[in-house]
Amino acid sequence: MFLLFALTISTTNVSGESVSYPALKKGVYLTYNVTKPASMAYYAYKGLTLRYWDWRYEVLDVNDTYAKLMVNHTEYINGTPVSSGGYITYINYAGIHWFEVFFDASDINSSIELFISNIVPRGNGTWSMKKIDYYFNNTVLKCINASYRNFADNSYGYFVISIDYGVMIEKVQFRFESYTGNFSVSQLLPIEKMVLKDTNLFSLAKKYPLLLIIAIVVIVAIVVTVYYYRGVRK
């Protein structure tokens with residue numbers, strides 16, 4: 001009976017978290033910062049406008065079908081913050097493979113493939129995936145680096161996505177620019193670099209095995225106590 005009960009605890013989905021989306025746990029927050037592109041002077045010279053955002057996601061509630069998120073953001077135009085705000089959104093994630101920075105980790109390869117195929121339409125570019133170790137603070141994360149080249153808009157980029165947690169860690173995008181004057185120049189200009197800077201996801205995840213061990217110890221203690229008193233009464 002004890003083994004059956006322990007097995008039930010270890011396999012049952014706990015309220016306030018998702019099985020297929022490990023990063024969707026109630027109370028989890030993810031803060032992403034953007035880096036001002038080094039090529040900003042070039043864009044200003046060309047009279048181009050570069051718009052990008054940084055983000056903070058906080059999981060307010062989650063069940064088997066949807067997640068309630070608080071999303072805060074700051075908008076930048078040509079490197080200058082121009083506005084900020086926030087909103088609450090409900091995401092019905094059941095049956096989808098990815099949304100925002102979250103990925104279905106139950107089949108992470110397919111999730112990333114579907115994600116990147118939306119960026120590089122069939123026949124308009126190339127993309128590849130490889131496994132890497134990514135160092136986040138004192139945590140080593142097993143990740144997939146998915147890089148792409150889009151011939152249609154002459155862009156290039158890559159995404160680093162955690163295999164175990166199904167969450168984006170880093171996003172970098174470039175654009176190929178070329179011009180002809182007295183000589184020809186072709187260069188990669190960074191458009192955006194967004195990196196996960198702060199989160200409690202990994203520290204929360206480490207607590208779950210400990211809680212399971214504590215639960216099992218408590219159950220064992222109860223069972224032993226019950227059998228002991230039964231033996232004494234006999």
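Biologist: Which residue forms a salt bridge with Asp133?

Modeller: Side chains of opposite charge can pair when their charged atoms come close. In this predicted model, Asp133 pairs with Lys142, the closest N and O atoms being 2.9 Å apart, where a salt bridge is a side-chain nitrogen of Lys or Arg within 4 Å of a carboxyl oxygen of Asp or Glu. A search of the whole structure finds 1 salt bridge. Asp133 is partly exposed at 40% relative accessibility, and Lys142 is partly exposed at 46% (buried is under 20% relative accessible area, exposed over 50%, partly exposed in between, with a 1.4 Å probe and protein chains only).

Biologist: What are the limits on reading such features?

Modeller: Local features need pLDDT of at least 70 and side-chain atom pairs count only at pLDDT 80 or more, while totals for chains, interfaces and linings use all residues. Residues are numbered from 1 along each chain as its sequence is written, and side-chain values use heavy atoms, leaving out hydrogens and water.

Biologist: Where does the pLDDT stay under 50?

Modeller: Where pLDDT is low, the predicted coordinates should not be read in detail. The pLDDT, the predictor's confidence in each residue from 0 to 100, averages 79 over the protein, with 69% of the residues scoring at least 70. The value stays under 50 over residues 1-14, for which the model has 10 contacts (heavy atoms within 4.5 Å) beyond four places in sequence. Over residues 207-221 the pLDDT is also below 50, and this stretch has 10 contacts beyond near neighbours in sequence.
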